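This report goes through a few residues of the structure shown below, together with the cut-offs behind each term.

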Amino acid sequence: MCHEPINQINVTLSCGCANQHDGEKIIDTLERADKALYLSKSSGRNQVTYLSEMKIE
């Protein structure tokens, strides 16, 4: 996201994305997106992770 510090602060952006499938409850979609966000953060930050299919346990 940022190549240069902003006001001497290093800025990164991690995103988690998921699309809602037909008939899927929104909470299941949000849980997948949340899992994707934490995968982005744990994989080094400053990246986007997309999960299309995943069982949340």
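Leu-39 is partly exposed, with a relative accessible area of 30%, where partly exposed lies between buried (under 20%) and exposed (over 50%), using a 1.4 Å probe and protein chains only. This is a predicted model, in which local features need pLDDT of at least 70 and side-chain atom pairs count only at pLDDT 80 or more, while totals for chains, interfaces and linings use all residues. Residues are numbered from 1 along each chain as its sequence is written, and side-chain values use heavy atoms, with hydrogens and water left out.

Leu-39 has its place in helix H1, helices (H or I, at least four residues) being DSSP runs numbered from the N terminus. Leaving aside residues up to four places away in sequence, Leu-39 touches Thr-49 and Leu-51, contact meaning heavy atoms within 4.5 Å. Asp-22 lies 17 residues from Leu-39 along the chain, and their C-alpha atoms are separated by 24 Å.

## Ile-27 in the helix

Helix H1 covers residues 26-42 and also contains Ile-27, a residue that is partly exposed at a relative accessible area of 47%.

## The cysteines

Zero disulfides are found in a search of the whole structure, a disulfide being a pair of cysteine sulfur atoms within 2.5 Å. Cys-15 is in no disulfide, and its nearest cysteine sulfur, that of Cys-17, is 5.8 Å away, which is too far for a bond. Cys-15 is partly exposed, with a relative accessible area of 25%, and Cys-17 is likewise partly exposed, at 31%.

Definitions and conventions. Helix = DSSP H or I, 4+ residues; strand = E, 2+ residues; numbered from the N terminus.
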